[in-house]
Amino acid sequence: MASPSSSAAASKAASARMRHLSSTSSSSDITNDNNDISTAKPLFPPKRVLLLRHGQAIHNPRAEAARENGCSFEKFLSLMEEDDSFDAALTELGENQARDAGRQGHVRHALRNVEMIVSSPMSRALNTADLVHPVSTKASMPRRVAIEDWREINGKLLNAQRLPRSALEQKFPNWNFGEIPALDESWTEELESRDACSERGYRGLLWMMQQREQNILLACHGGILNYTMNTHSKVVLVDGRKVHSEKQRCITKRFGNCEMREFIMTVWDFDDYPTEETTELLDVQKNGEIMQPVITLEEVTMEMEESYTLSDDEEKVEMT
């Protein structure tokens, strides 16, 4: 856990960074209704978060190809239904995508300080996380926690159903499943709404902000990432990447299979929220309503220092 002095320094740096970004961005990029984020203060020290979508799964190939060619959402959903599979597993290509991603220099460099890995409880996300960041014998390996809020858009499809907790514990013994219900009781025959899905993602971000770790890897799904980052009124995307060109990917573009992006995540105080570390943000009441602080996700450039070399443990994983 960061010391009080380092936490204060990080919060001060976040405020300075946001003032700079707000001065160089359009007013619509960094606003909360009529409030200017550059004048707010962080509720918690910012966290460095790596967001990772799972590798290709059984229901993905045809649907994703059609989506890339501009098909309607109805066609996209229809193709997934035709190729549907309970708790859809990774394809062979999906497993290779995850292994290959974990071998890329900029990804290895980004993963070097990860203290916690968070995942959806769906097998394809858990498996992707384990292949990108394999379990090793190092004492400093990050803890691995599955969170129900990060499952994919729920309902209707078999691939949106998950295994019972006991089965997940047997299949993925290195993970902590204490945060999820014993049975999958939330799945229904109706597709979850965009607003309900994005609200789950927002809750998942708040949960991550309240954990002691400062460097987190999250493995989950394209749908919930898209809804959370691009449609929730309290989540603000900011482009803090160093390189800007016409060819650079738009920060709002949907994640591809096994794509990783790096962000600085900060929760901002506009309304004098309590700031004690034990505050349960979702339960804080003001004027009879649950308060929802603004979260900024500032995408930053994933880099690999020229001097970066693989550690002995990383070389052993590379050869396996």
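How many cavities of 30 Å³ or more does the count come to? In this predicted model, the count comes to one.

The protein chain has 320 residues, of which 49% count as buried. Its secondary structure comprises 10 helices and 12 strands. Among contacts in the protein chain with a separation of 6 or more, 82% are between residues 24 or more positions apart.

The largest cavity has a volume of about 40 Å³. Its lining consists of Leu225, Asn226, Met229, Asn230, Leu237, Ile251, Thr252, Lys253, Arg254, Phe255 and Arg261. By class, five of the lining residues are nonpolar, three are polar and three are charged. The most is given to this lining by helix α9, residues 222-231, which provides four residues.

Arginine 249 lies in the loop between β8 (235-239) and β9 (260-269). Arginine 249 counts as partly exposed because its relative accessibility is 23%, and the buried class is limited to values under 20%. With neighbours within four places in sequence left aside, the contacts of arginine 249 are Arg241, Glu259, Arg261 and Glu299. One of these, Arg261, is also among the residues lining the largest cavity. With glutamate 259, arginine 249 forms a side chain to side chain polar contact at 3.4 Å.

Conventions: Residues are numbered from 1 along each chain as its sequence is written. This is a predicted model: local features need pLDDT of at least 70, side-chain atom pairs count only at pLDDT 80 or more; totals for chains, interfaces and linings use all residues. Side-chain values use heavy atoms; hydrogens and water are left out. Helices (H or I, at least four residues) and strands (E, at least two) are DSSP runs, numbered from the N terminus. Buried means under 20% relative accessible area, exposed over 50%, partly exposed in between (1.4 Å probe, protein chains only). Contact means heavy atoms within 4.5 Å. A polar contact is a pair of N or O atoms within 3.5 Å; within protein, one must be able to donate a hydrogen and the other to accept it, and residues adjacent in sequence count only if both atoms are side-chain atoms. On a 1 Å grid over the protein atoms alone, a cavity is a set of points where a 1.4 Å probe fits but cannot get out, and a pocket is an open set with protein on both sides within 12 Å along at least five of seven lines; lining residues have an atom within 4 Å of a point. Grid points are joined across faces, edges and corners, and a volume is the space filled by probe spheres set on the points. Ala, Val, Leu, Ile, Met, Phe, Trp, Tyr, Cys and Pro count as nonpolar, Asp, Glu, Lys and Arg as charged, and the others, Gly among them, as polar.
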